[in-house]
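This report describes one protein model for a reader who is new to structural terms. Please keep the sequence and the structure in view while reading.

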Amino acid sequence: MTLFRTMVSGFLVAMLCACGKSDGPDEQQFAAPVAAPAAPARQFKIALVMKTLINPYFAGIEKGARRAQQEFGVDLQVKAGSQETAMEQQIQIVEELIDLKVDAIVISPGDSKRPVPILKKAQNAGIVVITIDNALDSETLAQNKMQPVPLVSVDNELASYKVARQISQSISKPTKAAVMGGIPNAENSQQRIHGALRAFGENRVIQVVANDNANWRIDEGHDVAKRLFSAHPDIKLVFCANDMMALGTIQYLQESGRKNVTVIGYDAIDEARKAVLAGTLAATVDQQATEQGYQGVALAVRALKGEKLPETVLVNAQVMTADSLR
């Protein structure tokens, strides 16, 4: 009897222990519900609109924009006119981008006034507008009641002043000079002209006898140089507001057999660097096109994320001479 009671008691204890072990779910068996994965952030559609791709300077801008595309994961479209003077084409490109409902337009405007109305239309459609390289005219912006448009560029007036001053400081004999600008309504052209004129004006022996525009083009640079030297055969110093016009001027000088003429450029494209090292171009300005392209897209991304942007982002510009390039 005692043995029977002992067996029954042991059986009951074992059953209770077994029941205790299986009572309720184990925490490891039933983990807390896993949150659904967050929806991926929407990919921003950003358009880079340049004046042209004929000028190698703008290839540098595109390179920087592509770097920003990879870093920020944006959908980048690159558009450009057939040439820097094709303003109607650039305006049409912006019109098409509005229809495509892009999120932002990063533009290097060929003219500081003419594209303002279409860019106002883009703003009205909720598209972020950023300018690079060349600013829009402030009075035209106000007339069209545009919101502030951030700018990525260099201090064009200061950079052209520095390069023109560095070259003109070595001139001690009476010298006649000419200044060649780009598109007349482009603010960056006006600023570069002002900087060069300021530098030349600080040297009493330099006399500026001609000031003309060649629309940023190498062929027009050649033709304008021909016209300037026909009117003033004794010009010995020429400042060109970009390298393409400077290279056109050098072409004319070589064709005409004119020697001992100092030519200054601006942009530091590869052909200009080679000309500086060869001694046919006295100096040029590196305005970091790649960095401008990168910063333009980066600003667009910041704006689309709701950040407040600075009015201007200035990139450092450097004077490039044979000594600095070696």
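## A crossing of two helices

Helices α8 and α9 cross in a right-handed manner; a crossing is right-handed if the near helix is turned clockwise from the far one by less than a right angle, and left-handed if anticlockwise. Helix α8 covers residues 218-231 and helix α9 covers residues 243-256; their axes come within 7 Å and cross at roughly 50 degrees. This angle makes α8 oblique to α9, since angles under 35 degrees count as roughly parallel, over 145 as roughly antiparallel, 65 to 115 as roughly perpendicular and the rest as oblique. The axes are lines fitted to C-alpha atoms, for helices over the stretch in contact, with angles from 0 to 180 degrees between N-to-C directions.

On the α8 side, the contact is made by Ile 218, Gly 221, His 222, Ala 225, Lys 226 and Phe 229. The residues of α9 that take part include Met 244, Leu 247, Gly 248, Tyr 252 and Glu 255. Contact here means heavy atoms within 4.5 Å.

## The model as a whole

This is a predicted model, in which local features need pLDDT of at least 70 and side-chain atom pairs count only at pLDDT 80 or more, while totals for chains, interfaces and linings use all residues. Residues are numbered from 1 along each chain as its sequence is written, and side-chain values use heavy atoms, with hydrogens and water left out.

The protein has twelve helices and twelve strands. Helices (H or I, at least four residues) and strands (E, at least two) are DSSP runs, numbered from the N terminus. Of the 326 residues, 48% are buried; buried means under 20% relative accessible area, exposed over 50%, and partly exposed in between, with a 1.4 Å probe and protein chains only. Among contacts between residues at least 6 apart in sequence, 74% join residues at least 24 apart.

Helix α2 runs over residues 56-72, and its 17 residues should span 24 Å at 1.5 Å a residue; the end C-alpha atoms are 25 Å apart, which agrees. The expected span is 1.5 Å times one less than the number of residues. Among the buried residues of α2 are Tyr 57, Phe 58, Ile 61 and Ala 65. Their cover includes the strands β1 (45-52), β2 (75-81) and β4 (128-132), together with helix α11 (289-304). After α2 comes Gly 73, with a positive phi near 65 degrees.

Helix α11 has 16 residues, which should span 22 Å at 1.5 Å a residue, and its end C-alpha atoms are 23 Å apart, in agreement. Its buried residues include Ala 289, Tyr 294, Val 297 and Leu 299. Just after α11, Gly 306 has a positive phi of about 95 degrees.

## Salt bridges

A salt bridge is a side-chain nitrogen of Lys or Arg within 4 Å of a carboxyl oxygen of Asp or Glu. By this rule there are 17 salt bridges. One of them joins Arg 66 to Glu 62, with the closest N and O atoms 3.4 Å apart. Both residues belong to helix α2 and are four residues apart, about one turn of the helix. Arg 66 is partly exposed, at 31% relative accessibility.

Another salt bridge links Arg 114 and Glu 88, at 2.6 Å from N to O. Arg 114 lies in the loop between β3 (104-107) and α4 (116-124) and Glu 88 in helix α3 (residues 87-99), so the pair ties together parts that are 26 residues apart in sequence. Arg 114 is partly exposed at 40%, whereas Glu 88 is exposed at 52%. Arg 302 and Glu 307 also meet in a salt bridge, 3.1 Å from N to O. Lys 51, Asp 133 and Arg 192 are linked in a network of salt bridges.

## Two loop residues

Asn 185 is located in the loop between β6 (175-181) and α7 (187-201), and its relative accessibility of 33% counts as partly exposed. Leaving aside neighbours within four places in sequence, Asn 185 is in contact with Asp 111, Ser 112, Lys 113 and Gln 190. Asn 185 and Leu 136 are 49 residues apart in sequence and 9.7 Å apart in space, C-alpha to C-alpha.

Gln 169 occupies the loop between α6 (156-168) and β6. With 52% relative accessibility, Gln 169 is exposed. In sequence, Gln 169 and Asn 203 are 34 residues apart; in space, their C-alpha atoms are 7.2 Å apart.
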